[in-house]
Amino acid sequence: MTTSATPTHCPYCALQCGMNLTPVPGGGVEVSERVDFPVNRGALCGKGRTAPVLLSSRLRLTSPLVRNAGVLEPASWDEALARITEGLSRTRTEHGPDACGVFGGGGLTNEKAYALGKFARVVLGTSQIDYNGRFCMSSAAAAGIRAFGLDRGLPFPLEDIPRTGCVILVGSNLAETMPPALRYLTELKANGGTLIVIDPRRTRTAEQADLHLAPRPGTDLALALGLLHLVVAEGRTDEAYIRERTSGWEEARAAAMAHWPEYVERITGVSVPRLREAVRLFCAPKDAMVLTARGPEQQSKGTDTVGAWINLCLATGRSGRPLSGYGCLTGQGNGQGGREHGQKADQLPGYRKLTDPAARRHVAEVWGVDPDSLPGPGRSAYELLDAMGTEIRSLLLMGSNPVVSAPRAAHIEQRLKSLDFLAVADVVLSETAALADVVLPVTQWAEETGTTTNLEGRVLLRRRAVAPPDGVRSDLHVLHELAARLGVEKGFPTDPEEVFDELRRASAGGPADYSGITYRRLAEGDGVFWPCPAPGTAEGSEGSEGSEGSEGDSPVRDRSVQGRPLTDRTAEDRPAEECTGDRVHPGTPRLFLDRFATEDGRARFVPVSHRAAAEEPDDEYPLLLTTGRVVAQYQSGAQTRRVDELNAAAPGPFVEMHPRLAERLGAADGDPVAVVSRRGRAVAPARITPTIRPDTVFMPFHWPGEGRANNLTNPALDPTSRMPEFKTCAVRVETVT
């Protein structure tokens with residue numbers, strides 16, 4: 001263990017805020033500001049500031065557990081690994097490799113996500129792997145690939161946001177989900193820019209807005225189409241940009257013109273004057289952005305909804321220009337990198353498509369296997385979980401807690417219990433781990449080195465600051481041991497830098513090219529933005545396609561190779577490090593300035609039309625439920641619910657409702673109420689506030705037990721992204737005696 005401060009990054013959200021960790025005499029770690037890191041400039045939220053609390057042995061797992069006679073009991077590592085080997089081997093023998101499932105997480109480092117995908121396909125030979133990031137950013141990813149040919153959460157750095165003229169923020173409460181990012185919006189306003197927030201609740205973020213639009217949950221698609229209709233009707237399109245840099249405009253324009261303002265007002269509840277004001281504010285400045293988060297994305301039409309917001313950017317000439325464009329605010333700590341390197345059902349490292357023969361050949365060569373031995377695409381996250389106990393008989397799960405986080409959670413809990421065998425690797429005994437046959441205690445952020453990729457596409461190095469407790473091992477060690485016991489003795493190193501070097505080779509030439517990034521470069525700077533090809537190579541050289549339908553060329557090739565100048569990095573931005581021969585690629589903070597990542601270099605308009613949510617209110621279920629997060633908890637709460645300071649701030653679930661609804665029910669603030677959907681029931685205290693629509697109730701989803709919000713949510717899937725419809729479903733609310 002080092003005795004000096006270690007510069008590293010927070011384990012929670014996709015900002016990946018910089019921090020310093022210093023061991024304290026007698027045990028523990030102290031967090032201090034890292035003011036030189038550009039993303040958060042020293043600011044930390046309560047979750048980041050208290051993150052070291054969970055390093056305490058009293059709050060986490062420190063020994064493997066195995067189930068004997070229905071009870072989890074401490075065991076040796078050898079016994080636990082032997083049990084997992086036996087369980088997976090028996091399933092493969094009796095039911096075939098696709099009866100083995102693997103489920104990963106958006107909090108795993110790039111090295112772990114890469115190794116997990118390789119383990120599933122090379123060691124188990126299964127196609128059945130996906131991860132919880134499918135529940136977060138998959139609709140935005142699919143829409144971005146469809147329009148731009150590439151998915152990277154933000155195609156520009158966060159530092160560009162305060163310098164634009166207007167931001168439309170759709171379905172994000174970043175004041176609570178990533179508080180250090182709020183300064184970018186306050187700086188935007190201080191610089192004379194305007195902020196439009198779209199959310200059915202008047203959140204802490206919406207309170208900062210110049211204009212707050214509060215549509216019915218599930219109607220964001222109609223809202224975006226109504227705004228585009230007004231842009232066209234008022235002559236605010238950028239015809240030169242549309243002609244020179246896009247394709248498909250006529251079809252998209254015709255679809256939007258079917259959504260006239262009065263029709264959109266009836267669907268969304270947003271008045272025509274407010275629609276017109278939003279268009280005026282967005283179109284008035286030279287530069288503007290649209291940023292989406294889970295609100296419009298976690299819908300059964302999330303891909304089309306995000307696509308409609310992208311169409312608005314394209315029609316007004318915003319995307320692929322400095323200080324403008326569309327971006328997605330990725331949620332999980334490594335939500336960006338986690339979806340790039342192979343733990344998705346349809347994907348190989350470097351954001352390659354598993355169905356692309358060239359991609360299979362390239363990755364198979366790096367792995368030393370026959371391309372034909374690699375399985376094809378498997379089930380998406382919810383479909384994989386839903387198949388447990390029938391088609392999926394054994395599951396290896398790392399870094400996820402679907403008992404709390406999955407839609408229709410009570411059903412998924414029963415599917416987990418129906419498995420022949422379940423093994424979980426985690427830091428704590430989560431609600432999912434408590435159901436397992438074997439639980440492995442693994443290292444966490446401050447006890448291991450590895451890389452993550454934040455919401456900007458900035459690849460970062462998390463450094464080990466302290467030693468883990470005795471009895472705790474890394475996920476890479478787990479995969480190494482299991483691979484060897486299952487007959488693959490090479491190819492799964494435990495050293496994260498060695499794994500990253502292989503990842504670099506596997507990603508080379510792909511859409512998410514990391515081949516020019518090294519641990520040394522990351523240690524010497526503030527991260528490197530992908531794509532970043534190795535010296536002397538060009539991105540996309542093999543013609544490989546990205547996942548979710550991306551195509552062909554990379555968005556910003558190495559201009560030294562292509563004979564064109566770099567467009568978005570000045571000399572002072574570039575790393576001082578030099579290579580023999582070709583210069584080191586500086587990375588790509590800003591995408592699409594010259595061309596988009598499509599075959600012809602043009603962005604694609606996609607015609608979309610409003611359609612209803614999968615489940616609309618009726619006489620039996622007359623209200624809408626939407627779900628989200630609170631500032632003091634994170635995701636399923638498996639970690640944050642163990643921190644006293646955070647629990648004091650957010651001790652449990654609640655049902656937020658409008659005073660008019662509360663009056664009809666006869667409910668007072670703090671009274672227990674039951675929210676009931678077609679899938680289940682949740683009970684929590686009423687929180688009465690005028691900041692929510694009268695036809696809508698809100699529940700945070702961090703808690704298990706009777707207040708588990710995801711008992712209620714609808715697993716109806718987006719046909720493209722396979723995203724469940726977390727953000728809207730029909731419910732009724734009842735008082736509880």
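Trainee: What makes the charged end of arginine 201 count as sitting over the ring of phenylalanine 698?

Mentor: Good place to start! In this predicted model, the charged end of arginine 201 is 3.6 Å from the centre of the phenylalanine 698 ring. The cut-off is within 6 Å, along with an angle within 35 degrees of the ring normal, so 3.6 Å meets the distance part.

Trainee: How do you know that lysine 118 meets the distance part for phenylalanine 492?

Mentor: Lysine 118 lies over the face of phenylalanine 492, 5.0 Å from the ring centre.

Trainee: Now for rings with rings. How many aromatic pairs are there?

Mentor: The count comes to 12 aromatic pairs. One of them joins tryptophan 249 and phenylalanine 605, with 4.8 Å centre to centre and 45 degrees between the planes.

Trainee: Why is this pair of tryptophan 249 and phenylalanine 605 called tilted?

Mentor: Stacked needs planes under 30 degrees apart and edge-to-face needs over 60, so 45 degrees leaves tilted. The centres, at 4.8 Å, lie within the 6.5 Å limit, so the two rings do pair.

Trainee: Where in the chain are these two residues?

Mentor: Tryptophan 249 is in helix α9, phenylalanine 605 is in the loop between β22 and β23, and they are 356 residues apart. Both tryptophan 249 and phenylalanine 605 are buried.

How values were computed
Residues numbered from 1 in each chain as written. Predicted model: local features only at pLDDT ≥ 70, side-chain atom pairs only at ≥ 80, totals over all residues. Heavy atoms only, no water. Phe/Tyr/Trp six-rings, centres within 6.5 Å; stacked < 30°, edge-to-face > 60°. Helix = DSSP H or I, 4+ residues; strand = E, 2+ residues; numbered from the N terminus. Buried < 20%, exposed > 50% of the residue type's maximum accessible area, 1.4 Å probe, protein only.
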